[in-house]
Amino acid sequence: MFYLSKKDWSPRYESTFFTVTLDCRKVYTSPPLSNNNSDDTSFTEGGKKSFPAIYFLIKVKCGYAEHVCPRRYSQFELLYHDICDNPPTNTSVDQVRCIRMPPKTCVFQSIDDDFLDVRQQELYDFLESILVLPGCADHPNVKNFLCLDKF
């Protein structure tokens, strides 16, 4: 499967290509469960465990199918470090490290809607930057992060 940006993607490409959008977020008071399997822990893997928590809802589309992957900031950060530690064979660590990961929040920082709007856009930009790097869309950690095995 290959990644295309949302402006280049179309469902007519069927299962050959996928795209992602990150248009909303949700506060969860407990870990979200997968729609397909209540034993699925991929939505909480690697994330912090305190609740309530803000999850950014990544919509993954492939052909006419789609699913939503709720992810916390800490899970994006873990993905970044996983790819830095184990980059795809045709991507250098320097290429990955050039990608800007949005900064962490300070304990005293106000987390209002304006901040979350910016954070959401920064996380989308980060994710797209990862996906366009050669081999990253096929990286096992990226596949797990986006639940691409559901297609």
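This is a predicted model: local features need pLDDT of at least 70, side-chain atom pairs count only at pLDDT 80 or more; totals for chains, interfaces and linings use all residues.
**A guided look at the sheet and the fold**

Visitor: What makes β3 and β4 a pair?

Guide: Two strands pair if at least two bridges are found between them, and β3 and strand β4 (residues 65-71) have 7 bridges, so they meet that condition, in the antiparallel sense. The hairpin of β3 and β4 has 2 residues between the strands, and in this hairpin Gly-63 takes a positive phi near 60°.

Visitor: What joins strand β2 to β3, and in which sense do they run?

Guide: Strand β2 (residues 17-28) is joined to β3 by 10 bridges, and the two run antiparallel. One of the residues involved is Thr-19, whose bridge partner in β3 is Lys-61.

Visitor: How do you know that β1 and β2 count as paired?

Guide: The condition is at least two bridges, and β1 and β2 have 2 bridges, so they count as paired, and they run parallel. In this pairing, Phe-2 has Phe-17 as its bridge partner in β2.

Visitor: What is the order of the strands in the sheet, and what is its pairing called?

Guide: The order is β1-β2-β3-β4, in an open sheet of 4 strands whose pairing is mixed. The edge strands are β1 (2-3) and β4, since each pairs on one side only.

Visitor: Why is strand β3 called largely enclosed?

Guide: A residue is buried when its relative accessible area is under 20%, and 7 of the 10 residues of strand β3 (residues 53-62) are buried, so the strand is largely enclosed by the rest of the structure.

Visitor: Why does Cys-147 count as buried?

Guide: The cut-off for a buried residue is under 20%, and Cys-147 has 2% relative accessibility, so it falls on the buried side. Cys-147 is found in the segment after α4 (140-145), and while Cys-147 and His-67 are 80 residues apart in sequence, their C-alpha atoms are 8.5 Å apart in space.

Visitor: How do you know that the size of the protein chain agrees with a compact globule?

Guide: For 151 residues, a compact globule would have a radius of gyration near 15 Å, and the protein chain has 15 Å, so the two agree. Along the principal axes, the C-alpha atoms fill a box of roughly 45 × 35 × 30 Å. Of the 151 residues, 42% count as buried, and the accessible surface comes to about 8,600 Å², of which 51% belongs to carbon and sulfur atoms.

Visitor: Which elements does the protein chain have, and in what pattern do they follow along the sequence?

Guide: The protein chain has 4 helices and 4 strands, and along the sequence they follow the pattern β-β-β-β-α-α-α-α. Among the contacts with a separation of 6 or more, 64% are accounted for by residues 24 or more positions apart.

Visitor: How many positive and negative charges are there, and what separates their mean positions?

Guide: There are 17 positive and 20 negative charges in the protein chain, and their mean positions are 2 Å apart.

Notes. Residues are numbered from 1 along each chain as its sequence is written. Side-chain values use heavy atoms; hydrogens and water are left out. The radius of gyration is taken over C-alpha atoms; the globule rule is 2.2 Å times the number of residues to the power 0.38. Buried means under 20% relative accessible area, exposed over 50%, partly exposed in between (1.4 Å probe, protein chains only). Contact means heavy atoms within 4.5 Å. Accessible areas come from the Shrake-Rupley method with a 1.4 Å probe; for residues, only the protein chains shown count as cover. Lys and Arg count as positive and Asp and Glu as negative; His and the chain ends are not counted. The place of a charge is taken as NZ of Lys, CZ of Arg, CG of Asp or CD of Glu.
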